[in-house]
Amino acid sequence: MNNYVKISNIIKKFNRVITVQGDKSISIRWALMASQAVGKSRANNLLKSEDVESTLTALKKLGVKILKNKKYCEIIGKGLNSYNFRNNTIINAGNSGTLARLILGLLSNSNKSVIIKGDKSLSKRDFSRIIKPLNIFGVKVKSNKNKLPVILKGTNCLRPIYFEEKKGSAQVKSCIMMASLNTPGTTEIKCVNSRDHTERLFNYLKIPIVIKKLSKTHKLIKIQGKNQYNAFNYNIPGDISSAAFFLVLTVLSKNSKIIIKNVNINKTRTGIIDILKKMNVNIRIINSKLVNNELVGDIYVKSANNLKAINCNSELNSRAIDEFPLIFLLCAKAKGISFFKKIGELRHKESDRLKVCSNFLKSIGVKTIEGKDSLKIYGNPNLKIEKKINIKNFMQDHRIFMMSCIAALTLGGEWKINDKNSIKTSFPNFILTLKKIGAKIK
C-alpha cells in the first residue's frame with residue numbers, strides 16, 4: 001500500500017457535524033493509572049492508535065491483564081507497585097514520548113532493570129529532563145547520552161523530592177507525579193503551567209494532592225505518596241489536537257462551517273481557540289460540561305474572510321504547543337506579519353517543528369524569519385499554490401503530514417504528501433474523516 005497521498009482539488013464548501021477520536025494524552029494516562037489501581041477499570045472511547053497500543057503492550061509486558069473490544073477497554077490492576085516482570089524487560093515506546101517518560105515514573109520503585117527504547121524519531125529526543133528528577137528520587141538511570149535506550153533500575157527506598165520544572169513540560173511534571181505515587185512522604189513540584197490532565201486525574205481518584213497557584217505562569221504541586229486508589233471507569237473525550245485540523249480546514253475554506261462534538265476543552269489545551277479568536281475567526285464553544293473532572297464541549301467555527309496577523313503572547317505557547325504547525329499555516333494567509341517567541345520547545349518534538357514549518361512555508365512562497373526560539377511569518381491573504389508540491393516528511397512527523405493535507409485542500413496546487421502511515425500514532429481516522437466531509441484524496 002502506498003505511504004503517501006495525492007491532493008489536487010480544493011475542498012468544496014461544507015456544513016457538517018463531526019466527531020474526532022479519543023484524546024491521546026488522556027487515553028495514555030488512563031491506561032497507566034488504571035494499571036496501578038485496585039480492581040477492574042474501564043474506558044470508553046479509548047483512542048485506537050499506535051501510541052496507545054504501545055502503552056497497552058508495555059503494560060502487558062509488566063504483567064497487567066487487559067481486555068479489549070470495539071466499545072471499551074478494561075484493565076485489571078493489582079495496586080501500587082504490583083508490576084510483575086522479568087529483569088531486563090524491554091519496553092518499546094514506539095513514537096510515544098508520553099509513554100516513555102511517564103512509565104519511567106511508575107517503574108521508579110522496581111528493583112528490577114527495565115530497558116525503554118523507541119522508534120527512530122523518539123530515540124533522537126532528549127530525556128535529560130526526566131533523568132535528573134528520577135536520580136534525585138534515588139533511581140538509577142543509564143542512557144545513551146540522555147537519549148533512548150534508557151535503562152532504569154528503581155529502588156524500594158524512594159525519597160520524596162522538591163523539583164523545579166522550568167520548561168512547561170507536562171511529560172516531565174507527570175513523570176515526577178507518577179513516581180510520587182510509590183514514594184513515602186510529600187513530593188513537591190514547582191512548575192510552569194502546562195496541560196494538567198494528570199493533576200485532574202489525581203483529583204478524580206482522590207489521591208492526596210494540593211495545587212497552589214504561585215503566579216500567572218507557575219504553580220506548586222504537593223503529593224502525599226503511598227496512598228492506594230481504586231479502579232475507575234472513564235469516558236474519554238475527543239482530542240482537541242485532532243479537532244484542530246478541521247477547525248483550520250474550515251477557517252481556510254470558503255463559505256463553510258463545522259461543529260465538532262464532545263471535544264476535550266481543558267483550558268490548558270485550548271490555546272488554539274484563543275489564538276483563532278485573536279486572528280478574527282468566528283469560533284465558540286457550546287454545550288460545555290464537566291465529565292470525569294475534564295471539561296468537554298462542542299466547538300463551532302466558520303470560514304474567515306479577513307484573517308489578522310498575530311503577535312502571539314508566549315503565555316499561550318504551552319496551551320497550543322501541538323497546534324503550532326496549523327497556526328503557522330493560518331498566519332501564511334493572514335494580513336500582516338505574525339510573530340511567535342519562546343517557542344524553542346517545538347525543536348524537541350517528533351521533528352524540529354520550528355525549522356520544518358519555517359521551511360514548509362518558504363516552499364509555498366511565504367517569507368519567514370526563523371530565530372533560535374522564534375518565528376516571524378509574512379502573511380499573504382491572496383496566497384494560492386499553482387505548482388507541484390512534494391512533502392517528504394523525513395522525520396515521519398504525524399502533525400506535519402496532517403498539516404500538509406490541510407494546506408493542500410485549501411491553497412490549491414498538486415500535492416504529493418509522503419508518510420501517510422505516520423497518522424497511525426495519533427489519528428488513524430484522519431483521512432477517512434476528511435473524505436466524509438468531501439475531501440478528494442488519492
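**Why these labels? A friendly walk through the model**

Me: Just after α6, Lys-206 takes a positive phi of about 60 degrees. How do you know where a helix such as α6 belongs in the numbering?

Reply: Helices (DSSP runs of H or I, at least four residues) and strands (DSSP runs of E, at least two) are numbered from the N terminus. Residues are numbered from 1 along each chain as its sequence is written. Please keep in mind that this is a predicted model, where local features need pLDDT of at least 70 and side-chain atom pairs count only at pLDDT 80 or more, totals for chains, interfaces and linings use all residues, and side-chain values use heavy atoms, with hydrogens and water left out.

Me: Which residues of α6 are buried?

Reply: They are His-197, Thr-198, Glu-199, Leu-201 and Phe-202. Buried means under 20% relative accessible area, while exposed means over 50% and partly exposed lies in between (1.4 Å probe, protein chains only).

Me: Why is Ser-25 called buried?

Reply: Ser-25 has a relative accessible area of 7%, so it counts as buried. This residue is found in helix α1.

Me: Why is the pair of Phe-245 and Phe-430 called edge-to-face?

Reply: The structure holds eleven aromatic pairs. In this one the ring centres are 5.6 Å apart and the planes stand at 65 degrees, so the pair is edge-to-face. The rule is that rings of Phe, Tyr and Trp (its six-membered ring) pair if their centres lie within 6.5 Å, with planes under 30 degrees apart counted as stacked, over 60 as edge-to-face and the rest as tilted. The pair links distant parts of the chain, 185 residues apart: Phe-245 is in helix α7 (residues 240–252) and Phe-430 in helix α12 (residues 430–436). Both Phe-245 and Phe-430 are buried. They also belong to one aromatic cluster, together with Phe-246 and Phe-427.

Me: What makes the pair of Phe-360 and Trp-415 tilted?

Reply: Their ring centres are 6.1 Å apart and their planes lie at 35 degrees, so the pair is tilted. Here too distant parts of the chain are linked, with Phe-360 in helix α10 (residues 353–363) and Trp-415 in strand β22 (residues 414–418), 55 residues apart. Phe-360 is buried, as is Trp-415.

Me: How do you know that Lys-112 lies over the face of Phe-85?

Reply: Lys-112 is at 5.7 Å from the ring centre of Phe-85. To sit over a ring, NZ of Lys or CZ of Arg must be within 6 Å of the ring centre and within 35 degrees of the ring normal. Lys-376 lies over the face of Phe-339, also at 5.7 Å from the ring centre.

Me: What makes two strands such as β3 and β5 a pair?

Reply: Two strands pair if DSSP finds at least two bridges between them. Strand β3 (residues 38–44) and strand β5 (residues 72–78) have seven bridges, in the antiparallel sense. One example is Lys-40, whose bridge partner in β5 is Ile-76. With strand β14 (residues 233–235), β3 pairs in the parallel sense over three bridges. There, Arg-42 has Asn-233 as its bridge partner.

Me: Which residues line the largest cavity?

Reply: They are Ile-26, Arg-29, Trp-30, His-197, Leu-201, Tyr-234 and Glu-294. Helix α1 (24–34) and helix α6 (197–204) each give two or more residues to this lining, and α1 gives the most, with three. The volume of the largest cavity is about 40 Å³.

Definitions and conventions
1 Å grid on protein atoms, 1.4 Å probe; cavity = no way out; pocket = protein on both sides within 12 Å on 5 of 7 lines; lining within 4 Å. Points joined across faces, edges and corners; volume = space filled by probe spheres on them.
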